[in-house]
Amino acid sequence: MTAATKGKRAAARQPKAPFASVPAPNRVDYPLLERDTQALWDKRDTMGLYLSRNERSPRRWSFLDGPITSNNAMGVHHAWGRTYKDMFQRFNTMRGFRQRYQNGFDCQGLWVEVEVEKELGFKNKRDIEAYGVAKFVEKCKARVLTFAERITSQSVRLGQWEDWSNSYFTMSDENNYTIWGFLKTCWERGWIYHGEDSMPWCPRCATGIS
């Protein structure tokens, strides 16, 4: 056996690096990881299994989501808070509690109105009256629904698990009729009174500021 042949056989016996021909990435592609993880969850219906895991449990844990204002896309500060909410729900799911997993959207307030005024080029409240209050309200509702859809998409990408098809909206008739019914009961029982209080007032928006 020649020296050259011995050298070839010795080289053949050497273990090969399993990834020698595959260049290792030097940066993590986080959006790709998110999409791959979400695709795996969708394929296995992971969220559906999670939401129904404790549906027959006699123990309930009530968590009412303080609704995010559906006025713009979600910011980092929103994502931070919603991560905490999701963490507590997951913790109690692991403890075996049955929950609603209901997300909410806040649809009222000056935030929505002011953004719609900017969109329409309005300068004051008289512009709204000239435009038509009913038409303006519909514009506000449309903005709410647009950003509710976007926030839902962002929350799903964030990894938050909720019964997204059952989100509640504070502008819904069910919500408003429930509030009016509650106020009627308070009035009938003498719990509502007329008093005085000081509060900040916005002359430009012509309303009190909560």
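User: Which residue lies over the face of F97?
Analyst: R59 does. R59 is placed 4.2 Å from the ring centre of F97. Keep in mind that this is a predicted model.

User: And what sits over the ring of Y131?
Analyst: The charged end of K135. The distance to the ring centre of Y131 is 4.4 Å.

User: Rings, then. How many aromatic pairs does the structure hold?
Analyst: Nine. One of them joins W61 and F63.

User: Is W61 buried or partly exposed?
Analyst: W61 is partly exposed, at 25% relative accessible area. F63 is partly exposed too, at 22%.

User: Why do F122 and F136 count as stacked?
Analyst: Their ring centres lie 6.4 Å apart and their planes meet at 25°, so the pair is stacked. Planes under 30 degrees apart count as stacked, and centres must lie within 6.5 Å for rings to pair.

User: Are F122 and F136 buried or exposed?
Analyst: F122 is buried, at 15% relative accessibility. F136 is buried as well, at 5%.

User: What else does F136 touch?
Analyst: Leaving out residues up to four places away in sequence, F136 touches E113, V116, E117, L120, F122, I128 and Y131.

User: Which residues touch the most other members of the largest nonpolar core?
Analyst: F105 and F136. That core has 15 residues.

User: Which helix gives the most to this core?
Analyst: α7, with five residues. Both α5 and α7 supply at least two residues each. As background, nonpolar side chains tend to be buried together in soluble globular proteins.

User: Back to rings. Which residues form one aromatic cluster?
Analyst: W41, Y50, Y101 and W161.

User: What is the phi of Y101?
Analyst: It is near 55°, a positive value in a residue other than glycine. Most residues other than glycine have a negative phi.

User: Where is Y101 found?
Analyst: Y101 is in the loop between α4 (76-94) and β2 (104-106). Y101 is buried, with a relative accessible area of 3%.

User: What about the phi of A206?
Analyst: A206 has a positive phi near 55°, and A206 is not glycine. A206 is in the loop between β4 and β5 (207-208).

User: Is A206 buried or partly exposed?
Analyst: A206 is partly exposed, with a relative accessible area of 44%.

User: New topic. Where is the place of G195?
Analyst: G195 is in the loop between α8 (173-188) and β4 (201-202). At 46% relative accessibility, G195 counts as partly exposed.

User: What separates the C-alpha atoms of G195 and E55?
Analyst: They are separated by 46 Å. Along the chain, G195 and E55 are 140 residues apart.

User: Give me a quick recap of F136.
Analyst: F136 is buried at 5% relative accessibility. Its ring stacks with that of F122. In the largest nonpolar core, F136 and F105 touch the most other members.

Terms used. Residues numbered from 1 in each chain as written. Predicted model: local features only at pLDDT ≥ 70, side-chain atom pairs only at ≥ 80, totals over all residues. Heavy atoms only, no water. Phe/Tyr/Trp six-rings, centres within 6.5 Å; stacked < 30°, edge-to-face > 60°. Buried < 20%, exposed > 50% of the residue type's maximum accessible area, 1.4 Å probe, protein only. Lys NZ or Arg CZ within 6 Å of the ring centre and 35° of its normal. Helix = DSSP H or I, 4+ residues; strand = E, 2+ residues; numbered from the N terminus. Core = buried A, V, L, I, M, F, W, Y, C linked by side-chain atoms within 4.5 Å. Contact = heavy atoms within 4.5 Å.
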